[in-house]
Amino acid sequence: MDHQQTHSSNPRELQMARSMCWHCQSEVSGEYFCDRCVKVQPVSKETDYFTCFGFPRRLTIDPGKLEAKFYELSRAFHPDFYQNKSETEQSISLGNAATLNSAYRTLRDPIQRVEYLLDLEAGSVKEIRNSPPADLFEEILELQDTLDEYRASDRTSDAGQQLRTQLQAEQVTLEQRKRDMETQLQQLFTDWDLLQDRGEATSQARSERDRLLKQMREILSNRTYVKSIVNDLVATIG
Amino acid sequence: MARIVGIDLGTTNSLVAYMDNGRPRVIPGRNERAIVPSVVAMTDNGLIVGDAAKEHLTRNPERTVYSVKRFMGKGLADVQSELAYFPYSLTEQGGVIRIKLGEKTYSPPQISAMILKELKQRAEAHLGESITKAVITVPAYFNDSQRQATKDAGMIAGLDVLRIINEPTAASLAYGLQEKTQGTIAVYDFGGGTFDISILKLKNGIFEVLATNGDTHLGGDDIDRRIADLFLTDISSRHGIDLSSHPDHMQTIRLEAERAKIGLSDALKIQVSVELPDNNGRFTRELTRDQLEALIMEIIERTLTPCRMALKDAGLSPDAIDEVVLVGGSTRMPIVRQRVQELFGKTPHCEINPDEVVALGAAVQADILSGGTTDMLLLDVTPLSLGIETMGGVMSSLIRRNTTIPASAKEMFTTYVDGQTGVDIHILQGERELAKDNRSLAKFRLKVPPLPAGVPRIEVTFLIDANGILSVKASDMRTGLSQSIEVKPSYGLSDHEVEQMIEDSFKFAKDDVNARKLIETRLDAGALITTTEKSLGDGLHLIAEEDASAIRAALSALATAQEGNDPRAIRARIADLEQSAQRLTVAMLNDSLKRGLQGKKVSDIT
């Protein structure tokens with residue numbers, strides 16, 4: 001823990017748009033370095049993670065390409081390479097490296113990636129679901145009962161063992177269901193990417209876009225619900 | 001740019017290394033040994049460090065500090081269970097452990113600073129330049145307080161600590177540089193006081209840490225204790241003696257336990273022999289490797305759980321690991337190698353001396369920072385989740401463990417009551433659900449303008465830098481103004497205290513210089529005695545009997561002075577002996593010249 005932080009003198013121009021170099025005030029057209037004075041430029045707060053990696057807003061990402069770009073940008077931004085530079089450059093390097101690491105962590109994982117995209121396209125998705133998804137309603141209610149029964153039972157007894165076997169089977173089913181949802185998501189990823197690639201501005205394309213976003217949001221939220229039930233199950237039966 | 005050295009500040013031993021034309025090298029001391037025992041002794045002539053201090057472990061146990069690293073960034077309650085093992089006395093002040101040495105108390109960073117200073121002086125003497133910048137290694141599983149304490153130690157020692165780097169990753173840099181390894185490697189680092197496991201992916205010069213885990217309170221020290229406890233039980237049942245009231249003998253037992261452990265890495269059995277107090281004779285027994293292994297099996301098993309957890313966090317099975325690297329003195333034990341081999345299913349590497357590899361890696365990182373090495377880059381992670389306490393005493397995680405650093409997280413705060421002017425924030429580190437089960441890092445009060453409830457919007461940014469150390473800043477989203485936050489660390493020294501300690505370290509530097517002078521003078525005296533005795537044996541026939549007895553008298557006077565604590569007295573006796581031995585020296589020189597140069601006199605040829 002740093003004992004005291006003083007950030008009141010943080011230069012305001014750092015937060016200004018990327019269009020002007022903080023150092024030589026010339027127009028910045030290069031990605032992260034000023035063309036004229038070669039100083040590192042801060043990644044703007046408005047830059048989304050896809051843009052940060054120079055990727056289009058697509059849901060299918062080649063992990064190899066993502067990693068290669070991550071390594072390339074790490075070499076450009078990491079504080080290790082700014083030890084001999086000015087304090088401003090060191091602070092930009094630190095901020096950029098932290099942003100880059102968040103971006104990589106988010107884009108690397110398909111679930112975090114789609115959550116992030118939904119957030120960009122249509123606002124936050126992280127509302128917690130309190131009721132089971134419709135098609136799972138019966139099943140989940142039954143499972144909750146079995147869980148309660150098992151918790152109250154003598155676990156070494158035959159009845160307890162039987163309940164345990166039942167719960168284990170339920171766990172397998174739910175995990176399969178979670179995988180199915182992920183496969184469904186994968187298909188929606190492809191649909192989304194194709195729609196984006198077509199780049200149409202018709203009302204049909206717009207409603208297709210909204211439909212895809214809605215579906216992905218629905219599946220994500222169901223998946224989160226199932227995942228927490230599975231975690232609960234695992235925690236109970238060990 | 002001024003030279004940056006790499007320092008391994010270990011529990012048992014410390015080393016300093018530097019980069020010499022693209023090759024990392026450890027720096028030896030006057031005695032040609034690179035290792036400085038991490039021991040500090042308070043003598044009547046001031047503080048001494050290293051090999052010389054180690055001699056005081058049994059002579060002066062209450063005033064000789066070892067394994068101070070176990071206390072870095074800790075409060076007294078954290079180490080309650082092991083207090084009985086340490087002969088020196090510990091207290092606490094402001095959440096920080098203090099070690100009592102004579103009249104004064106010292107914080108663990110101050111003691112560590114003495115070791116760092118010794119290494120700094122050693123590097124300066126070897127390289128012939130002033131050293132002010134360093135990279136210092138810490139166990140990967142060190143929390144924020146422990147890292148900050150290490151940084152404080154550097155500052156107190158007059159070093160600008162440019163980077164705190166994790167020991168296992170440092171080791172991977174040393175291996176990576178030497179062997180140009182690619183693939184996934186596991187670094188198993190079992191040292192004197194701590195255990196770490198790090199899993200890395202090496203690709204085109206990028207060292208990306210995938211996961212790390214460990215135990216900052218598990219090391220060779222714990223093994224020594226098991227052995228020592230066995231000896232103590234034995235002594236109590238066979239001789240009816242309880243040694244716990246004899247700190248000096250307790251130290252002898254501890255050192256004998258360590259010696260037995262080390263010996264049993266090569267031998268299958270070893271003889272143990274320790275003198276008992278009050279003319280009770282000696283305690284002797286045999287210890288076999290099998291007995292040792294049975295005794296410490298549980299400790300070795302405790303290192304395997306973190307290994308499995310790290311694999312799980314990295315999403316890898318043991319067979320996905322291409323290479324396993326062993327670091328730390330405790331990995332010399334055959335049982336450790338065997339268990340590691342069983343877990344990962346491959347023979348571990350240990351080509352680079354496990355005592356030196358961390359310091360060598362720190363030198364490589366120092367070279368990266370100074371711009372010398374440009375093709376290697378280490379991307380490390382934070383070992384523990386960082387969060388804040390929320391309603392109901394629950395920890396809300398902001399930065400998860402194994403997140404690549406630098407890492408940042410933002411959190412928005414507002415008020416619940418009209419006109420509320422502050423929000424209390426409690427920062428935590430750990431993996432448990434409840435705030436009270438995690439490590440408290442700091443508490444601070446966020447200043448808020450008095451407004452209706454819910455209106456203020458203060459964004460707090462938590463940033464973990466490349467050292468794994470946290471900083472916090474806040475800005476008012478309504479006004480865009482940043483505010484400075486004064487954070488009181490829960491288990492750390494305040495800025496003011498660190499400054500005071502830096503000042504003190506200059507003040508005590510005079511005492512330290514005296515202590516160092518004494519040691520060096522004693523060493524010089526010892527060397528002169530040895531050579532003079534040899535000359536006297538060889539050249540006795542060349543001088544008069546009265547000259548010989550004068551030399552013998554001066555020899556014994558110097559030997560007596562050498563035992564004393566006054567460097568000036570020793571210097572004077574050294575001069576006396578040189579004076580008395582002058583005729584002998586000249587006679588021997590003449591004799592050899594006579595034989596070599598056919599009778600020419602010294603005056604003829606000079």
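This is a predicted model: local features need pLDDT of at least 70, side-chain atom pairs count only at pLDDT 80 or more; totals for chains, interfaces and linings use all residues.

Mentor: Let us begin with a term: strands, labelled E, are DSSP runs of at least two residues, numbered from the N terminus.

Trainee: What is the phi of Ser67(B)?

Mentor: As a general idea, most residues other than glycine have a negative phi. In this structure, Ser67(B) has a positive phi, near 50°, although the residue is not glycine.

Trainee: Is the peptide bond from Ile405(B) to Pro406(B) cis or trans?

Mentor: Most peptide bonds are trans. The bond that joins Ile405(B) to Pro406(B) is cis, its omega being near 0°. Pro406(B) belongs to the loop that runs between strand E23 (403-404) and strand E24 (407-413) of chain B.

Trainee: How is the crossing of two helices to be read, and at what angle do the axes of H3(A) and H4(A) cross?

Mentor: Angles of 65 to 115 degrees count as roughly perpendicular. The axes of helix H3 (residues 87-108) and helix H4 (residues 110-122), both of chain A, cross at roughly 105° and come within 5 Å. H3(A) and H4(A) are therefore roughly perpendicular to each other. H3(A) contributes Arg105(A), Thr106(A), Leu107(A) and Arg108(A) to the contact, while H4(A) contributes Pro110(A), Gln112(A), Arg113(A) and Tyr116(A). Sorted by class, this contact has three nonpolar, two polar and three charged residues.

Trainee: How many salt bridges does the structure hold over all chains, and which parts does the pair Arg226(B) and Glu298(B) tie together?

Mentor: There are 49 salt bridges over all chains. In one of them, the side chains of Arg226(B) and Glu298(B) meet at 2.8 Å, N to O. Arg226(B) lies in helix H6 (residues 220-239) of chain B and Glu298(B) in helix H8 (residues 289-314) of chain B, so this pair ties together parts 72 residues apart in sequence.

Trainee: Which residues form a salt bridge between chain B and chain A, and how many residues does each chain give to the contact?

Mentor: Chain B gives 50 residues and chain A gives 29 residues. The buried area between the two chains is about 3,300 Å², with 52% of it from carbon and sulfur atoms. Four salt bridges are counted between the chains, including that of Lys203(B) with Glu67(A) at 2.7 Å, N to O. Eight residue pairs are in polar contact, both residues at pLDDT 80 or more. On the side of chain B that touches chain A, strand E28 (residues 470-476) gives the most, with four residues. That side divides into 25 nonpolar, 14 polar and 11 charged residues.

Notes:
Residues are numbered from 1 along each chain as its sequence is written. Chains are lettered from A and ligands numbered from 1 in the order in which they are written. Side-chain values use heavy atoms; hydrogens and water are left out. Contact means heavy atoms within 4.5 Å. Buried area is the accessible area (1.4 Å probe) that two parts lose on being put together, summed over both. A polar contact is a pair of N or O atoms within 3.5 Å; within protein, one must be able to donate a hydrogen and the other to accept it, and residues adjacent in sequence count only if both atoms are side-chain atoms. Ala, Val, Leu, Ile, Met, Phe, Trp, Tyr, Cys and Pro count as nonpolar, Asp, Glu, Lys and Arg as charged, and the others, Gly among them, as polar. Axes are lines fitted to C-alpha atoms, for helices over the stretch in contact, and angles run from 0 to 180 degrees between N-to-C directions. Angles under 35 degrees count as roughly parallel, over 145 as roughly antiparallel, 65 to 115 as roughly perpendicular and the rest as oblique.
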